[in-house]
Amino acid sequence: MFRLDEQARLFGVTPLENLFITEYLPSADGEKIKVYLYGLYQSYLGGTGFGVREMANELNMEEGQVL
């Protein structure tokens with residue numbers, strides 16, 4: 001069975017699109033940036049079974065804030 005190497009989780013790289021930086025970052029507030037970056041991170045890790053509740057928990061936010 002295949003598993004994600006914990007070293008990759010800690011020391012790997014999550015690419016961020018330049019479009020996000022140029023078009024969305026200037027007007028986004030900190031909470032939105034946290035949610036976007038964490039969602040991007042999870043998608044590159046190939047996480048399964050990850051949703052709003054888990055994201056809110058990890059980011060110390062309410063589910064409504066994540067939505």
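Reader: Which residues make up the largest nonpolar core?
Author: In this predicted model, the largest nonpolar core consists of 7 residues: V35, Y38, M55, A56, L59, M61 and V66.

Reader: Which elements give two or more residues to this core?
Author: Those elements are α3, residues 30–45, and α4, residues 52–59. The largest share, 3 residues, is contributed by α4.

Reader: And V66, what does that residue touch?
Author: Leaving aside residues up to four places away in sequence, V66 is in contact with V35, V52, M55, A56 and M61.

Reader: Changing topic: how many aromatic pairs does the count come to?
Author: The count comes to 3 aromatic pairs. One of them is formed by F20 and Y36, which are stacked, with 4.3 Å from centre to centre and 5° between the planes.

Reader: Where in the chain do F20 and Y36 lie?
Author: F20 belongs to helix α2, residues 18–24, and Y36 to helix α3. The two residues are 16 residues apart, and their pair links distant parts of the chain.

Reader: Is F20 buried or exposed?
Author: F20 is buried, because its relative accessible area is 8%, under the cut-off of 20%. Y36, in contrast, is partly exposed at 31%.

Reader: What about Y38 and Y41, why is that pair tilted?
Author: The ring planes of Y38 and Y41 stand at 45°, so the pair is tilted; the ring centres are 5.5 Å apart.

Reader: How many residues apart are Y38 and Y41 in helix α3?
Author: They are 3 residues apart in helix α3, so about one helical turn separates them. Y38 is buried, with a relative accessible area of 16%, while Y41 is partly exposed at 21%. Y38 also belongs to the largest nonpolar core.

Reader: Which residues do the ring pairs link into a cluster?
Author: The cluster joins Y38, Y41 and F50 through ring pairs.

Reader: Where does L37 lie?
Author: L37 lies in helix α3. With a relative accessible area of 36%, L37 is partly exposed.

Reader: How many salt bridges does the count come to?
Author: The count comes to 1 salt bridge. R53 and E63 form the bridge, and their closest N and O atoms are 3.4 Å apart.

Reader: Which parts does the pair tie together?
Author: R53 lies in helix α4 and E63 in helix α5, residues 63–66, so the pair ties together parts that are 10 residues apart in sequence. R53 counts as exposed at 58% relative accessibility, whereas E63 is partly exposed at 35%.

Reader: Finally, the whole chain: how many helices and strands?
Author: The chain has 5 helices and 0 strands, giving the pattern α-α-α-α-α along the sequence. The C-alpha trace spans about 45 × 30 × 15 Å along its principal axes.

Reader: What percentage of the residues are buried?
Author: Of the 67 residues in the chain, 18% are buried. The accessible surface of the chain comes to about 5500 Å², with 54% of that area belonging to carbon and sulfur atoms. Among contacts with a separation of 6 or more, 44% are between residues 24 or more positions apart.

Note on methods
Residues numbered from 1 in each chain as written. Predicted model: local features only at pLDDT ≥ 70, side-chain atom pairs only at ≥ 80, totals over all residues. Heavy atoms only, no water. Core = buried A, V, L, I, M, F, W, Y, C linked by side-chain atoms within 4.5 Å. Buried < 20%, exposed > 50% of the residue type's maximum accessible area, 1.4 Å probe, protein only. Helix = DSSP H or I, 4+ residues; strand = E, 2+ residues; numbered from the N terminus. Contact = heavy atoms within 4.5 Å. Phe/Tyr/Trp six-rings, centres within 6.5 Å; stacked < 30°, edge-to-face > 60°. Salt bridge = Lys/Arg side-chain N within 4 Å of Asp/Glu carboxyl O. Areas by Shrake-Rupley, 256 points an atom, 1.4 Å probe, with all protein chains shown as cover.
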